[in-house]
Protein chains: 2
Amino acid sequence: MIEKPYLLFLGDAPDRLAAKVAIGINEWRPEFAVGQYRLDGCNADLHIEDISIAEAVAKGAKTLVIGVANRGGVISERWKPHLLEALNAGMDLASGLHVLLNDQPDLVQVAQEKGRKLFDVRKPTVDYPIANGQKRSGKRCVAVGTDVSVGKMYVSLALHKGMQERGKKSSFRATGQTGILIEGDGVPLDAVVADFMAGSIEYLSPAQDDDHWDFIEGQGSLFHASYSGVTLSIIHGGQPDALVLCHEPTRAFMRGLPGYKLPSLEALRDLSLTMAKTVNPNCKVIGIALNTREMEDKEARQIVDETEQRMELPTTDPVRFGVGKIIDSLISL
Amino acid sequence: MIEKPYLLFLGDAPDRLAAKVAIGINEWRPEFAVGQYRLDGCNADLHIEDISIAEAVAKGAKTLVIGVANRGGVISERWKPHLLEALNAGMDLASGLHVLLNDQPDLVQVAQEKGRKLFDVRKPTVDYPIANGQKRSGKRCVAVGTDVSVGKMYVSLALHKGMQERGKKSSFRATGQTGILIEGDGVPLDAVVADFMAGSIEYLSPAQDDDHWDFIEGQGSLFHASYSGVTLSIIHGGQPDALVLCHEPTRAFMRGLPGYKLPSLEALRDLSLTMAKTVNPNCKVIGIALNTREMEDKEARQIVDETEQRMELPTTDPVRFGVGKIIDSLISL
């Protein structure tokens, strides 16, 4: 287990999205973060205290969590002196990057000398089975998106929290590094070998009580050429009873794919349902989560209302308006 | 590069399907095989000469290829003495099994002593990129199936051979161990890490002359819960201009998924085209390949004709009737 609390390392994040690991931890487990640590040129801000490594240690921080990702998932040479300083000051390091802390000879050497640990949550530690497609008991909800980074993890965490508040049985099932760092457990799906992807989701979400909901964190998008296979393995491994559609209305092009326009919510609904019904003919779309961060309040309210009327599905922005109506929809399923 | 010619090792294959690697090599590159090597109880037969390891060496064989797979992909202890004999006799070993030759201490030791090589074609040796979705020049054809093991590799190899015979530019792009051993190159897709699947296909099928066709070997099925993510990454990484639908008309249930019925060819056509059009809006379905091995001649002819009329697409069994009409369809595209 990764020791808490954390110092959240934002490095030289070029924009807010690049720091989404740190943002997620701070939002869902604010009690885990003693402060943020930023380098010159960092364009992300959690609006928590900027502190030094020495101050973090004084505040009890046990682990520096790399809360920033860059394309390719490498460990920047610019970060190295700061990571070494944290190890020397007595903190462990945790990372969800593709390139592993445990593959950096300098970090490994200092960690060994100081008796510190290097946690690579991206690296699978389980030999997952090949999916068998057998029906499991319990209920499952998967969030699917018109693109990557449209709020799939957020809505799943919000639905789990809302169900807990209503006294219902539920779990959040993490499939990415942020989710795993938030939940403390999960499947680092993007590092799982192709043949075992769907099987890892079956493993992650085993048979449950009939009235227990698993909120399985979505990844990628069926429409995103780089990651669509990962998305489909979640749908086919997850056997969803319910799908939530996620969308960012102001985004013109798919993230990382210039020239690719986002699909419509109708196209997302139809394709996701077709895919889900292969493994669960009773699957239903139960709501829509819009990410309206780039909009003013009035405009956000308007697009939520318009979308709800057009799609005839409970629609919300989980951040602005909560997920109460989607939970109502889930419970009445 | 794996040195040719090969001695094809069938081991104690319990049935013909278990020897499909050897069958594929012998069918598409008969000039590579100096003979077959079988143990007592082997129920597969390539109908080529049964020879000893000494005889194979005398005939110039450079590599013993493990042409048999058992469930789990392990290297049987019963095979070991024969594999060691081949190394001692001066041959390299090549394998596409999940369990690696290079993880067997006894084989590694003898290979080192004798200066021989152990080729594990299942293991990726390239750091594949994340897919960028950019349009590449040249033409691409992907075979998709209603299930796994319905003849996708066969039809792709047959189309490549047919194009060569007509003097057209084409390549076969292997994505599985048999295909890699046949072609001598390719991507072992089922062992690629999730995030890089589509990128590995972009790498495998780079920009080409405008009139060059790449026949990209399909894997899995969009409808197969265990492997659908792999299939989708081939479609999205492959940017197909043409799809061939593959089906085995007598199969009642999906292979390895009891209780899952096969989808219709119509469902396969619609879903595959929807997926392909995300990356190439001009993609077309250009033909249907039926695997009628389990049928009599008359029955096979009948179902091919009926399917062609019903689907309004050139339809054949590549084994019985060749792929001429699908090539006509491709060339007229």
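Across the interface of chain B and chain A, zero salt bridges are found (a salt bridge being a side-chain nitrogen of Lys or Arg within 4 Å of a carboxyl oxygen of Asp or Glu). The whole structure, by contrast, holds 39 salt bridges over all chains. The model is predicted: local features need pLDDT of at least 70, side-chain atom pairs count only at pLDDT 80 or more, and totals for chains, interfaces and linings use all residues. Residues are numbered from 1 along each chain as its sequence is written, chains are lettered from A in the order in which they are written, and side-chain values use heavy atoms, with hydrogens and water left out.

Glu266(A) pairs with Arg310(A) at 2.8 Å, N to O. Asp45(A) pairs with Arg38(A) at 3.9 Å, N to O. Asp45(A) is partly exposed, at 27% relative accessible area, and Arg38(A) is partly exposed as well, at 29%. Here buried means under 20% relative accessible area, exposed over 50%, and partly exposed in between (1.4 Å probe, protein chains only). Side chains of opposite charge can pair when their charged atoms come close.

The interface itself involves 34 residues of chain B and 37 residues of chain A, with contact defined as heavy atoms within 4.5 Å. The area buried between the two chains is about 2,800 Å². This is the accessible area (1.4 Å probe) that two parts lose on being put together, summed over both. Carbon and sulfur atoms give 61% of the buried area.

Chain B can be laid on chain A with an RMSD of 0.8 Å. The superposition is by least squares on the C-alpha atoms of residues with pLDDT of at least 70 in both copies. It takes a turn of 177 degrees and a shift of 0.5 Å along the axis. The two copies are thus related as by a two-fold rotation axis. The same surface serves both copies, as 100% of the contact residues of chain B recur in chain A. Among the residues of chain B, Gly229(B) comes closest to the rotation axis, its C-alpha lying at 1.7 Å.

The largest nonpolar core has 80 residues. Such a core is a set of buried Ala, Val, Leu, Ile, Met, Phe, Trp, Tyr and Cys residues joined through side-chain atoms within 4.5 Å. Leu222(A), Met275(A) and Leu222(B) touch the most other members. Beyond four places away in sequence, Leu222(A) touches residues of both chains, including Ile235(A), Leu271(A), Leu232(B) and Met275(B). A second, separate core has 72 residues, among them Trp79(A) and Ile327(A).

No disulfides (cysteine sulfur atoms within 2.5 Å) occur over all chains. For Cys246(A), the nearest cysteine sulfur belongs to Cys141(A), 8.9 Å away. Cys246(A) is buried, at 0% relative accessible area. Cys42(B) is also buried, at 14%.

Chain A has a mean pLDDT of 95, and 100% of its residues reach 70 or more; pLDDT is the predictor's confidence in each residue, from 0 to 100. The model scores ipTM 0.89 and pTM 0.89.
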